[in-house]
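Subject: Structure handover and notes

Dear colleague,

Please find below the structure that I promised to pass on to you. My notes on it follow, and I would be glad if you read them with the model open beside you.

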Amino acid sequence: MGNILFVMAVVWVTGHFMGAPRKLRLALIAVIYLAMILIHLTLPADAPLRMNTGGSVANWLILGGVGVLIFAYRALLIRLRGRHDGRQAEVAEAVAAQAGPFSDTELDRYARHIVLRELGGPGQKRLKDARVLVIGAGGLGSPALLYLAAAGVGTIGVIDADTVDNSNLQRQVLHTDGRIGTPKVFSAEAAMLAQNPHITVKPYNRRLTAEIAPELFAEYDLVLDGTDNFETRYLVNQTCVALGKPLISGALTQWEGQISLFDPARGAPCYQCVFPEAPAPELAPSCAAAGVLGPLPGVIGAMMAVEAVKEIAGAGEGLRGRLMIYDALYAETRSITVKKRAGCPCCAQG
């Protein structure tokens, strides 16, 4: 049997160097193989030719079965590779078809968005045209601002009167040790533009007040509140209600975070519907007083960015009418239905 296999190998190699087509070489080997099968099926068991070529048809059948498995496996790999290449081509075509107002660099950057059925080219264009204001560049603002920038939100405003402090760096990942003492909005601007130079960042290095809030909010389509004091939260809510702007609000304490989309102009409650008045200071201590898990603002802030992208692009189901609570200590997430309050002094007037 070994001498016949050697002949097959010589036929294959010699044919390769002589430039014989692959199909012709396979055909010659197939003829030799079938001849061996025929010899073992027709000649007596003690025939010399049969004895010198393996002695049993079983050996040749096993060899043939192995050959069939090898060729079947090779054909499967070729088919799978063809599907992968075809998928890559479909992605490229989808990106090119939905290019819209994007440069080649932007198309490459946002390709994973554009091929999402729920976003696509139109959704990415809405992100590029959107104007989002983020209140606070601290624990919640840090991940929210970075992900909004990375997602390609065209204009992002950020207002904060604080400066980067060493104690911030345990959780406020937008800032670095080298920018300690820098106003947070300028530190945020540097980080966001370093991440995505194709966006516009508008920093407001000042405290949000009732005097400037209406004019400032009017420039934006959506507001994200990542502040840590109730006075500012109620001011942000009141201004958003007055202007009909949707508000994504997040909050933290120790191991727990919460997030909701407040939008009474579209049937959802406002912040004051759910939280009619600020709790006593001892019931809701600040992060400085009570502590906060470092990664927790990253979780809630990233959720705020997710909800902002969905709201802008019109994708999926948002958090209107729902308050999502995340308990990091016990790895639990729950959602509570919230409704407009008839006697709300903020959104029920008139």
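To begin with the charged pairs, lysine 125 forms a salt bridge with aspartate 129, their closest N and O atoms lying 2.7 Å apart; a salt bridge here is a side-chain nitrogen of Lys or Arg within 4 Å of a carboxyl oxygen of Asp or Glu. Please keep in mind that this is a predicted model, in which local features need pLDDT of at least 70 and side-chain atom pairs count only at pLDDT 80 or more, while totals for chains, interfaces and linings use all residues. Residues are numbered from 1 along each chain as its sequence is written, and side-chain values use heavy atoms, with hydrogens and water left out.

Lysine 125 and aspartate 129 are four residues apart in helix H7 (residues 120–129), which separates them by about one helical turn. Helices (H or I, at least four residues) and strands (E, at least two) are DSSP runs, numbered from the N terminus. An α-helix has 3.6 residues a turn, so residues three or four places apart point the same way. Lysine 125 is partly exposed at 36% relative accessible area, and aspartate 129 is likewise partly exposed at 48%; buried means under 20% relative accessible area, exposed over 50%, and partly exposed in between, with a 1.4 Å probe and protein chains only.

The search of the whole structure gives eleven salt bridges. One of them joins arginine 131 to glutamate 219, with the closest N and O atoms 4.0 Å apart. This pair links distant parts of the chain, 88 residues apart, since arginine 131 lies in strand S1 (residues 131–135) and glutamate 219 in the loop between helix H10 (213–217) and strand S4 (222–225). Arginine 131 is partly exposed at 25%, as is glutamate 219 at 34%.

In helix H14 (residues 296–313), glutamate 307 and lysine 310 are three residues apart, or about one helical turn, and their side chains meet in a salt bridge of 3.0 Å, N to O. Glutamate 307 counts as buried, at 12% relative accessibility. Salt bridges that share partners also join Asp263, Arg266, Glu311 and Arg320 into one network.

H7 and H14 pack with their axes 8 Å apart and at an angle of about 110°, which makes H7 roughly perpendicular to H14 (65 to 115 degrees in the scheme used). The axes are lines fitted to C-alpha atoms over the stretch in contact, and angles run from 0 to 180 degrees between N-to-C directions. Gly123, Arg126 and Leu127 of H7 make the contact with Val309, Ile312 and Ala313 of H14, where contact means heavy atoms within 4.5 Å.

Alanine 315 is found in the loop between H14 and strand S7 (322–327) and is buried, with a relative accessible area of 11%. Leaving aside its neighbours within four places in sequence, alanine 315 is in contact with Glu118 and Lys310. Alanine 315 and glutamate 118 are 197 residues apart in sequence, yet their C-alpha atoms are 5.5 Å apart in space.

Finally, helix H8 (residues 141–151) is mostly covered, eight of its eleven residues being buried; among them are Pro143, Leu145 and Leu148. Glycine 152, which follows H8, has a positive phi near 95°.

With regards

Notes: Parallel < 35°, antiparallel > 145°, perpendicular 65-115°, else oblique.
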